[in-house]
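Here is a guided walk through one structure. Keep the sequence and the 3D view side by side as you read.

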Amino acid sequence: MPQRLLHPLAVALCVTITFTGCAQHPSQPQNSSLNPPNIQLEAPLLSLRQHIEGSTADYPLAAFGVPLKAAVVLQEFYLERNFQPAWHDQQGRPTSQALALVSEIARVGRDGLLPQDYHFRRLQGLANAAPKDHVEFDLLLSDAVANLSRHLLMGKVHPESIAPDWKATPRQRDLVDVMVDLTTTASVADRLEQLRPQQIRYARLQTLLDQLDAKPAPAWPALARHSAIKPSSRDARIPAIRERLRYWGDLVSIAVPEEPDFYDAELQAAMRSFQTRHGLDTDAVIGPKTLEALNVTPAERRQQVVLNLERWRWLAEDLGQKHVLVNIAGFELKVIDHNETVMRKPVIVGRHYRRTPVFSDRIRYLVLNPTWTVPHKLAVKDKLPDIQADPSYLQRLGFTVFDQQQKAVDPAQVDWANITQRNFNYRLVQAPGPQNALGQVKFMFPNSYDVYLHDTPSRELFSKSDRAFSSGCVRVAEPLDLAELLLKDNGMTRAQIEAVLAKGELSTVFLKNPVPVHIEYWTAWIDSSAQVNFRSDIYERDPPLAAALAVPLYAD
């Protein structure tokens with residue numbers, strides 16, 4: 001095991017400890033009443049101090065030769081307690097809190113975390129540690145506690161390190177205060193539980209993880225995707241599909257049918273349940289997308305649960321008593337009021353190459369009969385080709401063209417054939433009306449992404465199961481229902497909203513009580529009816545998170 005190099009100050013302190021502990025100083029008279037136990041108690045204090053004060057950039061704080069990740073927190077923690085050991089009593093025995101923490105570290109797999117990130121292998125020897133190792137163990141456990149507390153509070157991975165368009169709003173605590181509480185608490189488990197997200201949806205995912213770990217999976221060879229299986233047909237893949245639906249609980253019956261390869265009514269009902277839980281078309285046709293979902297193994301689904309536990313740890317502590325929640329991967333918007341889902345709407349989100357970002361804000365105002373100022377990037381990449389292909393495009397869809405001096409220009413006088421992405425110096429504004437890209441209403445929460453919720457004239461797209469069609473904003477089905485709900489505190493009725501819309505004039509209404517909005521990305525969850533839901537990773541955000549979570553803090 002590599003030996004820790006000590007700063008010169010630490011060496012001097014170490015010599016002092018050895019000298020006073022092993023022999024009487026020559027300048028002192030012999031004193032048979034000297035109390036050896038008192039001297040032994042001084043050594044750990046001085047040794048902790050030498051570790052803390054002797055650490056520098058060149059000589060980092062370490063335990064058993066391992067540089068500690070939470071060194072800055074540990075320095076403040078031990079300074080505040082005057083370098084007293086935190087996890088050993090005056091007889092050098094581990095405290096009950098120390099032993100309970102080691103037990104809790106063994107169980108962090110329930111959070112999708114790795115015990116090895118918290119020195120679990122070495123800490124198993126805490127109870128029987130030799131006196132000479134007490135200081136090292138004290139530091140090691142403190143480092144484990146600091147890292148575990150931080151990870152439970154705000155996640156192990158910083159989301160922007162793997163997804164620049166993901167803005168976290170993590171919960172904050174003073175880690176030193178957390179550690180101090182853990183040294184004296186009567187229940188370490190309860191204290192750690194308070195650090196976890198308090199939303200019931202986090203606890204449900206933990207339960208699902210437990211169930212997956214306790215349930216052995218059958219063999220799971222990939223099913224051929226060469227052709228769809230229609231109801232009341234025969235197919236050699238049916239027996240394997242029946243077994244998988246039993247595993248996931250969609251098929252309750254364990255009876256073996258007389259015709260194992262026949263796609264009967266009972267299996268069709270189970271398949272519709274499976275398709276609903278996976279956000280697929282519920283037609284009982286076992287096509288390519290359904291077969292793809294059936295081929296995902298329990299181990300892969302378990303990994304999805306782990307990733308979504310981490311995403312919950314990135315969220316704010318208080319989402320708001322009433323808040324709007326958009327799940328990008330689930331193509332769904334919900335309004336939650338006092339923990340009850342009071343509205344649920346399908347949404348359309350950004351295409352893969354124009355991803356809807358993940359962030360939280362507050363809806364501050366609504367715009368009825370909005371105009372649409374086309375972002376420059378969309379104007380040159382999307383609109384310019386349409387204009388060049390159809391001279392009547394701008395007039396037909398109600399666009400006004402403005403030059404750099406903000407003056408309206410006649411689009412017929414512009415030589416669009418010679419306009420390119422480099423020399424496009426115009427601003428396109430679409431008037432309110434039935435063809436406006438934002439529809440009748442938009443819900444505004446000004447942000448750096450220029451993303452908001454809005455209506456759409458292309459309402460037929462809501463009938464599709466995959467709805468990644470936008471340029472980043474979130475299109476909401478039946479948006480007047482949402483407008484009515486949000487404007488209720490303003491005293492504005494549905495009839496009043498529709499009267500404003502009928503005028504066809506732009507109107508801005510500020511909310512009396514701004515409503516939190518959270519645009520999130522979940523690929524696994526359990527709903528209020530206890531149904532397990534999985535969704536496709538439409539933006540391929542799962543693999544980089546899985547890779548980052550798998551990197552150990554320590555090569556222990």
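A helix here is a DSSP run of H or I with at least four residues, a strand is a run of E with at least two, and both are numbered from the N terminus. With that in hand, the names below can be followed along the chain. Bear in mind that this is a predicted model.

Start with helix α6. It covers residues 134–154, which makes 21 residues. From its first C-alpha to its last it reaches 30 Å, close to the 30 Å expected at 1.5 Å a residue. How much of α6 is buried? Of its 21 residues, 19 are buried, so α6 is largely enclosed by the rest of the structure. Buried here means under 20% relative accessible area.

Now move on to helix α13, residues 298–313. Its 16 residues should span 22 Å at 1.5 Å a residue. The end C-alpha atoms are 23 Å apart, which agrees. Burial is again the theme. In α13, 12 of the 16 residues are buried, so this helix is largely enclosed by the rest of the structure. Among the buried residues are Leu307, Leu309 and Trp312.

Next comes strand β3, residues 322–327. Six of its six residues are buried, so β3 is largely enclosed by the rest of the structure. Which residues lie on each side? In a regular strand the side chains alternate between the two faces of the sheet. On one side of β3 sit Lys322, Val324 and Val326, and on the other His323, Leu325 and Asn327. Both faces are covered.

Strand β3 has partners. It pairs with strand β4 (residues 332–337) in the antiparallel sense, over six bridges. Four residues lie between the strands of this hairpin, and Phe331 takes a positive phi near 50 degrees. With strand β15 (residues 507–520), β3 runs parallel, joined by four bridges.

Look now for another sheet. Four strands form an open sheet in the order β7-β10-β8-β9, with antiparallel pairing. The edges are β7 (372–373) and β9 (408–409); each has a single partner strand, so one side of each is left without a neighbour in the sheet. The pairing of β8 (residues 399–402) with β9 uses two bridges. There, Val401 stands opposite Val409. Helix α14 (residues 376–389) lies across β7, β8 and β10 (427–430), and it runs at about 75 degrees to β10.

Charged contacts come next. Side chains of opposite charge can pair when their charged atoms come close. The structure holds 33 salt bridges. Take Arg173 and Glu317, whose side chains meet at 3.0 Å, N to O. This pair links distant parts of the chain: Arg173 is in the loop between α6 and α7 (175–184), Glu317 is in the loop between α13 and β3, and they are 144 residues apart. Are these two residues buried or partly exposed? Arg173 is partly exposed, at 32% relative accessible area. Glu317 is partly exposed too, at 41%.

A second pair is Asp466 with Lys289, at 2.6 Å, N to O. Asp466 lies in the loop between β12 (453–454) and β13 (468–470), and Lys289 lies in helix α12 (residues 288–295), so the pair ties together parts that are 177 residues apart in sequence. Asp466 is partly exposed at 34%, and Lys289 is partly exposed at 45%.

Now return to Arg311. It forms a salt bridge with Asp542, the closest N and O atoms being 2.7 Å apart. Asp542 lies in helix α18 (residues 542–550) and Arg311 in helix α13, so this pair ties together parts that are 231 residues apart in sequence. Asp542 and Arg311 are both buried. Elsewhere, salt bridges that share partners join Lys345, Glu478, Asp481, Glu484, Arg494 and Glu498 into one network.

End at Pro67, in strand β2 (residues 66–67). Pro67 is partly exposed, with a relative accessible area of 46%. Leaving out residues up to four places away in sequence, Pro67 touches Pro60, Leu61, Ala62 and Tyr554. Its C-alpha atom is separated by 47 Å from that of Val335, 268 residues away along the chain.

Methods. Residues are numbered from 1 along each chain as its sequence is written. This is a predicted model: local features need pLDDT of at least 70, side-chain atom pairs count only at pLDDT 80 or more; totals for chains, interfaces and linings use all residues. Side-chain values use heavy atoms; hydrogens and water are left out. The expected span of a helix is 1.5 Å times one less than its number of residues. Buried means under 20% relative accessible area, exposed over 50%, partly exposed in between (1.4 Å probe, protein chains only). Two strands pair if DSSP finds at least two bridges between them. Contact means heavy atoms within 4.5 Å. Axes are lines fitted to C-alpha atoms, for helices over the stretch in contact, and angles run from 0 to 180 degrees between N-to-C directions. A salt bridge is a side-chain nitrogen of Lys or Arg within 4 Å of a carboxyl oxygen of Asp or Glu.
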